[in-house]
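Subject: Structure handover

Dear colleague,

I am passing the structure below on to you, together with an account of what was found in it. Please read the notes with the model open beside them.

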Amino acid sequence: MKIRRFLTVIISSLCIFIYAFFGVSYDASALAATQKIAVVSTANTDLKTTVDSYLKSIPGDYYTVGKVTQLKQILKQDDIVLVDVREPSEYALGHIGDAINIPLRTLVQNLDKIPKKKPVVVYCSSGYRSAMAVMSLHLLGYDNVRGFPPSMNGWNAAKEIDQ
């Protein structure tokens, strides 16, 4: 039951985050399966309170580094940890600076590589996986993590790729 609640919070938070941040519309029929789970799980008042509290705690910038120039400034700091949550094959084609590769599906198994005391910026190819990673890490107690929504697409458009 706890796993179902956790997944419901993650899915709900991610949908709200993507909709609010990116202004993306979605096909309601595509969410039918998750809505069924959400209806069953959100009957619990404690869960609603927890989700409400979590969503209200999200700052206006949605834990993001929104521009390539902003990331460049942050990368000049010595203590920044840059995490690429793409698959190893994607990482091998090019990545940003000294980023470490922790594929999204292995995030929990690699928490020891993600410090809680240093600034962490997460990116992927388009922003979707990094948003999931940021939300997951925040739910796991990492308050030092931000996403880079332009991700590799934005970085490549700015012609800043390292190989």
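In what follows, a helix is a DSSP run of H or I with at least four residues and a strand is a DSSP run of E with at least two, both numbered from the N terminus. Read along the sequence on that basis, the chain follows the pattern α-α-α-α-β-α-β-β-α-β-α, which amounts to 7 helices and 4 strands. Please bear in mind throughout that this is a predicted model.

Some totals come before the details. Of the 163 residues in the chain, 38% are buried, and the chain exposes about 9400 Å², with carbon and sulfur atoms supplying 57% of that area.

The 4 strands form an open sheet in the order 2-1-3-4, and the pairing is parallel. Strand 2 and strand 4 (145-147) stand at the edges with a single partner strand each, so one side of each has no neighbour in the sheet.

Strand 1 (residues 81-84) pairs with strand 3 (residues 120-123) in the parallel sense over 4 bridges; within this pairing, Leu82 stands opposite Val121, and the bridge partner of Asp84 is Tyr123. On the side of strand 2 (residues 100-101), strand 1 is joined by 2 bridges, again running parallel, and here Val83 stands opposite Ile100.

In a regular strand the side chains alternate between the two faces of the sheet. For strand 1, are the two faces covered or open? Both are covered, since Val81 and Val83 on one side and Leu82 and Asp84 on the other are all buried.

Helix 3 (residues 45-57) has 13 residues and reaches 18 Å from its first C-alpha to its last, which is close to the 18 Å expected at 1.5 Å a residue. Its buried residues are Leu47, Val51 and Tyr54, and because they cover an arc of only 65° around the axis, they lie on the same side of helix 3. The face turned away from that buried side carries the exposed residues Thr45, Asp46 and Lys56.

Helix 6 (residues 128-139) has 12 residues and spans 17 Å from first C-alpha to last, close to the 16 Å expected at 1.5 Å a residue. Just after helix 6, Gly141 takes a positive phi of about 95°.

How many aromatic pairs does a search of the whole structure find? The search finds 1, and that pair is formed by Phe148 and Trp155, whose geometry is edge-to-face, with 6.4 Å centre to centre and 80° between the planes. Phe148 counts as buried at 0% relative accessibility, and Trp155 is likewise buried, with a relative accessible area of 5%.

Ser151 has its place in helix 7 (residues 151-157) and counts as buried, because its relative accessibility is 0%. Which residues is Ser151 in contact with, once its neighbours within four places in sequence are left aside? They are Tyr123, Cys124, Ser125, Ser126, Gly127 and Ser130.

With kind regards

Definitions and conventions. Residues are numbered from 1 along each chain as its sequence is written. This is a predicted model: local features need pLDDT of at least 70, side-chain atom pairs count only at pLDDT 80 or more; totals for chains, interfaces and linings use all residues. Side-chain values use heavy atoms; hydrogens and water are left out. Buried means under 20% relative accessible area, exposed over 50%, partly exposed in between (1.4 Å probe, protein chains only). Two strands pair if DSSP finds at least two bridges between them. Contact means heavy atoms within 4.5 Å. Accessible areas come from the Shrake-Rupley method with a 1.4 Å probe; for residues, only the protein chains shown count as cover. The expected span of a helix is 1.5 Å times one less than its number of residues. The arc is that of the directions from the helix axis to the C-beta atoms. Rings of Phe, Tyr and Trp (its six-membered ring) pair if their centres lie within 6.5 Å; planes under 30 degrees apart count as stacked, over 60 as edge-to-face and the rest as tilted.
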